[in-house]
Amino acid sequence: MEIKSAKFVTSLANYGPFTGKGLKQIAIAGKSNVGKSSLINGLCRAKGLAKTSSTPGKTRLINVFLINDTIHLIDLPGYGYAKVSKSEQQRWGSMMQGYFEKADELKVMLLLVDIRHEPSAGDIEMVEFLRAGHIPFIVAATKADKLSRAQRQRSLMIVARTLLVQPWEITPWSSQTGEGREALLAELGKHLD
Ligand SMILES: Nc1nc2c(ncn2[C@@H]2O[C@H](COP(=O)(O)OP(=O)(O)OP(=O)(O)O)[C@@H](O)[C@H]2O)c(=O)[nH]1
Ligand SMILES: [Mg+2]
């Protein structure tokens with residue numbers, strides 16, 4: 001798959017109808033600050049398309065993007081940010097639930113984990129949820145630029161073991177260097193045919 005065009009469509013607090021809905025969707029999930037919005041910008045080669053921030057909890061709504069006029073890319077709000085209030089956490093839960101209940105068009109979930117850290121309880125829960133719902137998913141390990149080659153191999157083993165996937169199924173990604181772009185686009189393409 002190649003990305004030729006990308007535009008912002010809408011932000012939703014409650015997932016529901018939006019203009020153009022009905023196209024196949026790719027959704028992106030992961031812990032707060034893992035690099036979801038940066039990955040969208042990197043994949044689309046469009047700086048500033050998705051708002052990024054060094055402060056966790058930047059994306060608090062479901063943001064919808066349109067690529068190649070034929071696919072919707074969904075930037076989901078991050079989970080597991082300790083500093084958010086109970087009510088904010090509940091709001092996150094119902095937003096996600098609302099999304100999964102109604103997203104019949106979801107073809108594949110891109111789950112991001114930080115290559116430097118062991119996957120969190122939230123990541124494990126997400127994988128279990130995706131497996132239970134038979135939702136195909138791809139794991140990418142972000143911030144790969146922050147580790148040496150040797151450290152990276154060790155980290156991928158830990159991520160693989162924790163999420164019960166094979167290490168070679170995890171795509172190392174760097175929004176800084178562009179590493180992983182071709183591999184991820186190829187993987188995503190397989191789920192959209
Ligand atoms: N070195 C490095 N930094 C990254 C990478 N991806 C993201 N970052 C940085 O990590 C921080 C968070 O990135 P975002 O893309 O905003 O993360 P997010 O997952 O969308 O965060 P929320 O919207 O808060 O859930 C920013 O400071 C980014 O510059 C990467 O691959 N390498
Ligand atoms: Mg974000």
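## About the model

This is a predicted model, in which local features need pLDDT of at least 70, side-chain atom pairs count only at pLDDT 80 or more, and totals for chains, interfaces and linings use all residues. Residues are numbered from 1 along each chain as its sequence is written, chains are lettered from A and ligands numbered from 1 in the order in which they are written, and side-chain values use heavy atoms, with hydrogens and water left out.

Helices here are DSSP runs of H or I with at least four residues, strands are runs of E with at least two, and both are numbered from the N terminus. Helix α3 covers residues 121-132, and its 12 residues should span 16 Å at 1.5 Å a residue; the end C-alpha atoms are 16 Å apart, which agrees. (The expected span is 1.5 Å times one less than the number of residues.)

Buried means under 20% relative accessible area, exposed over 50%, and partly exposed in between, using a 1.4 Å probe and protein chains only. D123, M126, V127 and L130 of α3 are buried. Seen down the helix axis, these buried residues fall within an arc of 95 degrees, so they line one face of α3; the arc is that of the directions from the axis to the C-beta atoms. An α-helix has 3.6 residues a turn, so residues three or four places apart point the same way. On the other side of α3, A121, E125, E128 and A132 are exposed. The cover over the buried residues includes β2 (24-30), α2 (86-102) and α4 (149-163).

## Where α1 meets α5

Helix α1 (residues 36-44) packs against helix α5 (residues 181-190) at an angle of about 90 degrees, with axes 10 Å apart. The two are therefore roughly perpendicular, a label for angles of 65 to 115 degrees. L39, G42 and L43 of α1 make the contact with R181, L184, L185 and L188 of α5, where contact means heavy atoms within 4.5 Å.

## Residues with positive phi

Most residues other than glycine have a negative phi, and most peptide bonds are trans. Back to the opening question: H134 follows α3, and its phi is positive, near 55 degrees.

N33, in the loop between β2 and α1, has a positive phi of about 75 degrees although it is not a glycine. N33 counts as partly exposed at 33% relative accessibility. L164, found in the loop between α4 and β7 (170-172), has a positive phi of about 55 degrees. At 66% relative accessibility, L164 counts as exposed.

Terms used. Axes are lines fitted to C-alpha atoms, for helices over the stretch in contact, and angles run from 0 to 180 degrees between N-to-C directions. Angles under 35 degrees count as roughly parallel, over 145 as roughly antiparallel, 65 to 115 as roughly perpendicular and the rest as oblique.
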